[in-house]
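Hi everyone, thanks for coming.

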Amino acid sequence: MDIFQMIKSDHKKVKDLFKKMKGKPKGGTRESPEDIFPEIDKELHGHMEGEEKLFYSTLEKEDDLRETILKNYEEHGIAKKMLEDMDKMSKGDEKWMAKLSVLRDVVERHMKDEEGDMFKKARKVIKRDQAQELGKRFEEEKKSILQAV
Ligand SMILES: [Fe+2]
Ligand SMILES: [Fe+2]
């Protein structure tokens, strides 16, 4: 997979995890948000670090993308702070659930923006060979980050 496909597949994984928590439990198949949270935490952590290191660092040098990428770093900062707070709070209570809902909004909008405008502009900068190479490095990077957690 190239880096665009890797990022998209990560986004889907996170969206699916959020979806899993939605709605009323049916026949005990729904996992509780507290149970799913560590997985979301881990996925997002590895994803954001990999993205910053291999994707944003290349794109932030481009005039056309600078503003978008700086905004994206800020949004990652918000998500990281929220994850950190949520990790320390008593999971599953109403304040924690409120944070979870805001986190979901922030993260899903961020991912949508990335796949839209940012991808469009990034495809002009990152050519096919480089996208493949970055995809490989993204995967390795994520693996090593997740192993260290
Ligand atoms: Fe991102
Ligand atoms: Fe992303």
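I'll go from the overall fold to the cores, and then to a couple of helices.

One thing before we start: what you see is a predicted model, so keep that in mind as we go.

Okay, the overall fold. What is this chain built from? Helices: there are 5 of them, and 0 strands. If you follow the sequence along, the pattern reads α-α-α-α-α. If you like to think in boxes, the C-alpha atoms fill one of roughly 45 × 30 × 25 Å along the principal axes.

Now, how much of the chain is buried? Buried residues come to 19% of the 149. And look at who touches whom: of the contacts with a separation of 6 or more, 74% are between residues 24 or more positions apart.

Let's go inside. The largest nonpolar core has 13 residues, and Ile3, Met6, Leu54, Phe55, Ala122, Leu134 and Phe138 are the ones with the most contacts within it. Which elements give two or more residues to this core? Helix 1, helix 2, helix 3, helix 4 and helix 5 do. Take Ile3 as an example: leaving out residues up to four places away in sequence, Ile3 touches Leu54, Phe55, Ala131, Leu134, Gly135 and Phe138. Apart from that core there's another one, with 7 residues, including Phe37, Leu44, Met48 and Leu100.

Next, helix 4, which runs over residues 94-125. Its 32 residues reach 44 Å from first C-alpha to last, close to the expected 46 Å. Where does helix 4 bend? At Phe119, by about 50 degrees. On the buried side of the list we have Leu100, Leu103, Val107, Glu114, Met118 and Ala122. Among the things covering those buried residues are helix 1, helix 2 and helix 3.

Finally, helix 3, residues 63-88. Helix 3 has 26 residues and reaches 39 Å end to end, counted between its first and last C-alpha, close to the 38 Å expected. Its buried residues are Leu65, Ile69, Asn72 and His76, and they pack against helix 2 and helix 4.

Notes
Residues are numbered from 1 along each chain as its sequence is written. Chains are lettered from A and ligands numbered from 1 in the order in which they are written. This is a predicted model: local features need pLDDT of at least 70, side-chain atom pairs count only at pLDDT 80 or more; totals for chains, interfaces and linings use all residues. Helices (H or I, at least four residues) and strands (E, at least two) are DSSP runs, numbered from the N terminus. The expected span of a helix is 1.5 Å times one less than its number of residues. The bend at a residue is the angle between axes fitted to the seven residues ending there and the seven starting there. A residue is buried if 20 or more other C-beta atoms lie within 10 Å of its own, exposed if 12 or fewer, and partly exposed in between; C-beta atoms are placed from the backbone. Two residues are in contact if their C-beta atoms, placed from the backbone, lie within 7 Å. A nonpolar core is a set of buried Ala, Val, Leu, Ile, Met, Phe, Trp, Tyr and Cys residues joined through C-beta atoms within 7 Å.
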